[in-house]
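Colleague: I am new to this protein. Could you take me through the model?

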Amino acid sequence: MVARSHARGLLVLCATCASLALTHVAAAPPETSHWASSMASSASAADTRPFSAPAALAQPLRSKMQSPLVRELQIRLRHAKFLATYDAHDRFDGLTRAAVEKFQKANGLRATGVVDQQTWDALRQQSHDPSEAELNNTDVGWWFTGPQHRGYIKELQHRLSQVRVYDGPAHGELDERTRAAIAAWRVKVGLPESDVMDERTWTRLIAATRSPRYAQLFERPPEKGATAQTLDPRCTTGKVICVSKAQKKLSYVVDGTIRFTREARFSRPGYDSPEGDFRIWYMNRDTVSKIFGERTPMPYAIFYDGNVAIHFSDDFAENGYAGGSHGCSQLRDYQAAKWLYEQVKVGDRVVVYQ
């Protein structure tokens, strides 16, 4: 089942990728060891906070209510991965009700859409006390990747220069000059002054800029890679992205010559990364998945089987094989993912095999 609605560039689709509905929205972008400071990602920060204990609920929360407690409810539903939004508000709207119903069903509660004491206690035990930043919709942490990915920082610097808040080189270091430019951009678009490039800030930036070409950021193609991949015979003719699940490798191959090889990650237990000879049917630089109750970025997504794609994964970069996708083939090298995206086009082949 695929549902689409278009708006100008962003694809919002299945979580760390893969196989359910997708909504196309655009002008916003698209799992990160960010700085252990005030700039730590909201996800990382949430991981270190304890879950809340049960507590008395002042009054049941239901559809059409407006209350600060509804704002806390939305943040807690986001923590528990039932509400894929990044801003909270006081209105108990349809999205909030649907998230409550999903939470109740998942926890064996009667799915009324009304937050009673039993629902509230169950939710508190799967969420954290909201921070002031979360309650005020200010900084929610670095968007989809951190300073350790030079390729992303280069792209960020290039985009900041396009909107004339940064006049330095695209060198890939998140230095004071770059952070000051982020703060200036936030102020320019009416956001609280901060040097955090969170999702709302990035959304506005990509809507106001063009995506820099690989050659504008890097002098040469990515290194071929130190490890080899044994190719399936189907990968030896023409231009093909060759993906081996058993070898945990992905190679870009042209007429049997491997241009580069990188480690790849596939589906977590309970999901499947399909095998076969596919054709690329869609490509999108700024993909965000929100199917699984959280907003998961999938930069440089190359779709080859329904909603299954090849894409960069910051979660793979940070956590390695401890995690997994919902079907996608993931790369943890941002530079290689960007280069690969520019080498292929719709109609090119992707071969996935054991």
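Predicted model: local features only at pLDDT ≥ 70, side-chain atom pairs only at ≥ 80, totals over all residues.

Colleague: How many helices and strands does the protein have?

Modeller: There are 11 helices and 11 strands, taken as DSSP runs (helices H or I, at least four residues; strands E, at least two) and numbered from the N terminus.

Colleague: What share of the residues is buried?

Modeller: Of the 354 residues, 53% are buried, that is, under 20% relative accessible area with a 1.4 Å probe, protein chains only.

Colleague: Which residues have the most contacts inside the largest nonpolar core?

Modeller: They are I241, L250, I302, I310, L340 and V350, in a core of 44 residues. Such a core joins buried Ala, Val, Leu, Ile, Met, Phe, Trp, Tyr and Cys residues through side-chain atoms within 4.5 Å. Helix 11 (residues 334-343) gives the most to this core, with six residues. A second, separate core has 17 residues, among them L57 and W120.

Colleague: And what does I302 contact?

Modeller: Leaving aside neighbours within four places in sequence, the contacts of I302 (heavy atoms within 4.5 Å) include I241, Y282, M283 and L340.

Terms used: Residues numbered from 1 in each chain as written. Heavy atoms only, no water. Buried < 20%, exposed > 50% of the residue type's maximum accessible area, 1.4 Å probe, protein only.
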